[in-house]
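Subject: Structure handover and findings

Hello,

Here is the structure for your files. My notes follow below it. Please read them with the model open.

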Amino acid sequence: MAQDSHIIPLAPPRAYPEKRSRKSGKCFVYFLSTIVILSIIMLILSMIFFRFKSPSFELDHINVQNLQFSNSTNSSSFNMNMGGEIIVDNDNFGQINYQDSSMSVLLYDNVTIGIANVNVGRVEARKSKRIGISLQLRTNYQLNYSYGSLSSDINSRMLKLTSFGEFRGKVKAMKIISKHKTSIMNCTMNLNLTSQAIQDLLCS
C-alpha cells in the first residue's frame, strides 16, 4: 500500500501536431487570398494603364494666303497657300511618339492638289498638342477632265475641298510596353473665293 501512494499519474499528451496543421492551413489560405487580390489589382491596372488608344486629331484654324484664280474660256485654275493647325489628343497614360505623318487636300474625284507633312515629335500622356502645318494648293493637268465642274465652282465663288489625314505614332506606357497606333481623319470644307476664307469645316 505504501508503494501505491507514491505513484504519480502521467499527464495526457498535448495535441501540438493538430494546432500546427491548423496554423499552416490558415497561412496557406492567407497566401492564396493575397495572390488573388494582387491578381485583381494587376488586372485593373493593366486595363487602365496598358489599354492603348489611337490618338484623335482634327484640322483647325485654317488660314488662306496668296489666293489666285482664273476662269477663262479654255481653262480654269486656282493657286493658294494654306496654313493651319492639327490638334492631337492623347488619352493614353503614356506619351505618344509620332512619326512622319501627312495630310492631303483633295479636290474633285480624289485628285490630290496639296500635301502637308508632319515631322517627328511627341504628345505627353493625357494631354493635347497643336501642330502647325502649311501647304501649297496647285491645280494641274489632272483637273482637265473636271474643267466643267471647276469652272462652274469658280463662277459661284465657292470651291468644295476634302482633306484626308493619317497620323502614325507609338504609344509607350509606363516606359515598359509600347504599341504602334494609327488614326485617320477626313474633313470637308468650302473655300470662299470672295472672302478668301475657309467655311463649314467639318472633320470626322
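Helices (H or I, at least four residues) and strands (E, at least two) are DSSP runs, numbered from the N terminus. By that rule, His61 sits in strand E1.

Two points on the basis of these notes. This is a predicted model, in which local features need pLDDT of at least 70 and side-chain atom pairs count only at pLDDT 80 or more, while totals for chains, interfaces and linings use all residues. Residues are numbered from 1 along each chain as its sequence is written, and side-chain values use heavy atoms, with hydrogens and water left out.

**Overall fold**

The protein chain has three helices and ten strands. From the N terminus, the order of elements is α-α-β-β-β-β-β-β-β-α-β-β-β. The chain has 204 residues, and 31% of them are buried. Buried means under 20% relative accessible area, exposed over 50%, and partly exposed in between (1.4 Å probe, protein chains only). Take the contacts between residues at least 6 apart in sequence: 68% of them join residues at least 24 apart. Contact means heavy atoms within 4.5 Å.

**Nonpolar core**

The largest nonpolar core has 33 residues. A nonpolar core is a set of buried Ala, Val, Leu, Ile, Met, Phe, Trp, Tyr and Cys residues joined through side-chain atoms within 4.5 Å. Leu59, Phe78, Met82, Leu137, Leu161 and Leu191 have the most contacts inside this core. Several elements give two or more residues to the core: strands E1 (56-71), E2 (76-89), E4 (101-107), E5 (111-118) and E7 (128-138), along with H3, E8 and E9.

Start with Phe78 if you want a way in. Setting aside residues up to four places away in sequence, Phe78 touches Leu67, Gln68, Phe69, Leu107, Ile113, Leu137, Arg138, Thr139, Leu150, Leu159, Leu161 and Leu191.

**Disulfide**

There is one disulfide in the structure. A disulfide is a pair of cysteine sulfur atoms within 2.5 Å. Here the partners are Cys187 and Cys203, with their sulfur atoms 2.0 Å apart. The torsion about the S-S bond is about 110°, so the disulfide is right-handed. Cys187 belongs to strand E9 (residues 177-192) and Cys203 to strand E10 (residues 197-203), so the pair ties together parts that are 16 residues apart in sequence. Cys187 is buried, at 1% relative accessible area. Cys203 is partly exposed, at 24%.

**Cavity**

Rolling a probe the size of a water molecule over the atoms shows where empty space is left. On a 1 Å grid over the protein atoms alone, a cavity is a set of points where a 1.4 Å probe fits but cannot get out, and lining residues have an atom within 4 Å of a point. Grid points are joined across faces, edges and corners, and a volume is the space filled by probe spheres set on the points.

The structure holds one cavity of 30 Å³ or more. The largest cavity has a volume of about 40 Å³. Its lining is made of Ile48, Phe49, Arg51, Phe52, Asn92, Phe93, Gly94, Val171 and Ala173. Helix H2 (16-49) and strand E8 (158-173) are the elements that give two or more residues to this lining.

**Single residues**

How accessible is His61, and what does His61 contact? His61 is partly exposed, at 48% relative accessibility. Beyond its neighbours within four places in sequence, His61 is in contact with Gly83, Gly84 and Glu85. His61 and Gly83 are 22 residues apart in sequence, and their C-alpha atoms are 8.1 Å apart.

Two serines are worth a look. Ser151 lies in helix H3 (residues 147-156) and is buried at 12% relative accessibility. Neighbours within four places aside, Ser151 is in contact with Asn71 and Ser76. Ser183 lies in strand E9 and is buried at 7%. Not counting residues up to four places away, Ser183 touches Ser54, Pro55, Ser56, Phe57, Gly165, Glu166 and Phe167.

Please also check two backbone angles. Arg157 is not a glycine, yet has a positive phi of about 65°. Arg157 is in the loop between H3 and E8 and is partly exposed at 33% relative accessibility. Asp200, also a residue other than glycine, has a positive phi near 55°. Asp200 is in strand E10 and is exposed at 56%.

Best wishes

Technical notes. 1 Å grid on protein atoms, 1.4 Å probe; cavity = no way out; pocket = protein on both sides within 12 Å on 5 of 7 lines; lining within 4 Å.
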